[in-house]
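Please read the report below alongside the sequence and the coordinates. It takes up the chains, their interface and a few single residues.

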Amino acid sequence: MTLGETEAPLTVTEDGGYLPGTHPDLPPPSSVHGPIHWARVNLFGSIADTALTLLAVYFLYSAITFLVGWMFVDAAFTGESRKDCRAVADGACWAFIGNRFSLFIYGFYPEPERWRVDLTFVLLILAIAPILFDRMPQRGKALIYSCLYPFIAAWLLVGGFGLEEVSTDQFGGLMLNIVIGVTGIAFSLPIGIVLALGRQSDLPIVRILCVSFIEIIRGVPLITLLFVAAVMLSYFVPPGTNFDLLVRMLIMVTLFASGYMAEVIRGGLQAIPNGQYEAADAMGLKYWQSMRLIVLPQALKISIPGIVNTFIALYKDTTLVIVIGRLDILGIGNSSLADTKWQGLSTEVYVFVALFFFVNCFCMSRYSLWLEKKLHTGH
Amino acid sequence: MADTESLAETTAQIESSKGEDDIIQIVAMHKWFGEFHVLKDINLSIKVQERIVVCGPSGSGKSTLIRCINRLEEHQKGQIIVNGIELTNDLKNIDLIRREVGIVFQHFNLFPHLTVLENLTLGPIWVRNTPKKEAEELAMKYLERVKIPEQALKFPGQLSGGQQQRVAIARSLCMNPKIMLFDEPTSALDPEMIKEVLDVMVELADTGMTMIVVSHEMGFAKTVADRVIFMDAGEIIEQNEPHEFFDNPRHDRTKMFLSQILHH
């Protein structure tokens, strides 16, 4: 209303105004945009705003200088014990982490065989690349390799067929987190999709099976499932068969994530308008065709934030294997603290482990944002 | 497969002895939504190349009627025979009929994650097993026919409503259907876009396509339709050729409906 009252006379009555239908697009006046304007409005809008801005700048400054000082400037990077560190500087004692680095990475994997773990990591990156980036040249062939990768990795890590066998009891540190995390992520998505579709099925048996599976998995804490994997599962397999504990853990973590994944994807499926199903049906597409070509591409795109959320949660939950006596990167860190030479360095250990997880999860989060933007088709 | 086809053929023979070139036969058909009796004793025969406009107040069952013809809705009583095949719960029959019947929806229902070209080639490639290149040529042919070949590589979300509906028509035509159903194709469009869609439909009618159009576009009905059907409360109240229908409506409810839609 005020717009009409104040602006109408301006354009119509002023001399040099434009004739109707000839008004060009003009740039906005400089007082309503630009960085100075932004700062004036958002940071120094009133006395209270100004005070808060200055206070925040002060806190940021002191926090950053403290952190940079502790982590880099006053930090000791070499030494054989905590005393050596303290003799040089009073900041972080990274020498501790450096000293234990291979333990953090490989756990108790036998030293002469550790090249196999390195090779598995490198091959993992090559296997993930074609899945993440669809513009990769020769993607079709690369994807076949990605499908074969789990078998190659299992062979490299466990051995047999010409390689020396390594018991999975010796897996530990970061490699244990990555083995569990990657397996869980790779298998929970397809299982979750099948469960979500099954939950919507017209066949009552399929629906009941899927719903009960999802509800049971979601209703039980992961730690309980891991205990079940460690202790109880051996009651269900025939006596004499030795079902590897790591495999049992992998199955439990994967099933646990699948239950959540199914619900995330169901949310995406529900957002697909009925018209999409009808258009696919009317075209004569079969059920699996319409799911694969029409419904799932859209539902999964909508579900990306939830899917990645589940991935990140699963990845961090890999540290829970500590409850059944396996030492992942956090477990190794914890047990390293018992060494009398290095006592009192828990901050360094936890900061290191936290940074490791943060970098991994942040990458997943950024990738998902990039993917969402890429898949946006303007609707 | 062979069984179905031979069954289809015998059914076709039986039907062709009844009405010479009826492509759709609906006999004593009823449908309920739960307790609600939405279609009541529908009897309707449609000849090859016939163009029919169905009108009536909202909730009268006209959309449901045409959605029964390609089994997007299931009827509970009576018979629907399309192209010589009776619609039953047999999925093979449903697939056979859906291959021959195209439908255009009120809200276009294009696939937003695929380009216009991919929307058009999806059916030919996956349902008719057409090679990709051939399917793309076919798609471009129909995009030219609906006059938007230049939009082929855009996504539906980047097009105007009128353009989207024309893409939807082209998508149905790519399946080379014998019958085209239109479920209020212009109701969701801005006024200035209605004409471009109706023009495409008029051209399609000129090619001899069998068409059933649920619409309130009375101008379209007058120029194109062979027959106008008026439905109310789940029943076919009156049907006639358009001239008679508009100038000389017989039933009171038809008169009232026409006076309501024509007087503004």
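Predicted model: local features only at pLDDT ≥ 70, side-chain atom pairs only at ≥ 80, totals over all residues.

Residues are numbered from 1 along each chain as its sequence is written, chains are lettered from A and ligands numbered from 1 in the order in which they are written, and side-chain values use heavy atoms, with hydrogens and water left out.

**Chains**

Chain A has 16 helices and zero strands, where helices (H or I, at least four residues) and strands (E, at least two) are DSSP runs numbered from the N terminus. The radius of gyration of chain A is 29 Å, well over the 21 Å that the globule rule gives for 379 residues, so chain A is more spread out than a compact globule. That radius is taken over C-alpha atoms, and the globule rule is 2.2 Å times the number of residues to the power 0.38. Chain B contains ten helices and ten strands. For its 264 residues a compact globule would have a radius of gyration near 18 Å, and the 19 Å of chain B agrees with this.

The table lists further values by chain.

| Chain | C-alpha box along principal axes | Buried residues | Accessible surface |
|---|---|---|---|
| Chain A | roughly 95 × 75 × 45 Å | 38% of 379 residues | about 22,000 Å², 69% from carbon and sulfur atoms |

Buried means under 20% relative accessible area, exposed over 50%, and partly exposed in between (1.4 Å probe, protein chains only). Accessible areas come from the Shrake-Rupley method with a 1.4 Å probe; for residues, only the protein chains shown count as cover.

Among contacts in chain A with a separation of 6 or more, 67% join residues 24 or more positions apart; in chain B the figure is 65%. Contact means heavy atoms within 4.5 Å.

Chain A carries 24 positive and 28 negative charges, whose mean positions are 7 Å apart. In chain B there are 28 positive and 39 negative side chains, and the centres of the two sets lie 2 Å apart. Lys and Arg count as positive and Asp and Glu as negative, without His and the chain ends; the place of a charge is NZ of Lys, CZ of Arg, CG of Asp or CD of Glu.

**Interface**

At the interface, 23 residues of chain B are in contact with 20 residues of chain A. The buried area between the chains is about 1,900 Å², with 64% given by carbon and sulfur atoms; this is the accessible area (1.4 Å probe) that two parts lose on being put together, summed over both. On the chain B side, Pro112(B), His113(B) and Trp126(B) lose the most area to chain A, together 30% of what that side buries.

**Single residues**

Phe230(B) lies in strand 9 (residues 227-232) of chain B and counts as buried at 1% relative accessibility. Not counting residues up to four places away in sequence, Phe230(B) touches several residues, including Cys55(B), Pro57(B), Ile237(B), Phe245(B) and Phe257(B). Phe230(B) and Phe245(B) are 15 residues apart in sequence and 9.1 Å apart in space, C-alpha to C-alpha.

Most residues other than glycine have a negative phi. Ala28(B), not a glycine, has a positive phi of about 45°. Ala28(B) is in strand 1 (residues 22-33) of chain B and is partly exposed, at 31% relative accessibility. Asn129(B) also has a positive phi, of about 55°. Asn129(B) sits in the loop between helix 4 (116-126) and helix 5 (132-145) of chain B and is exposed, at 64% relative accessibility.
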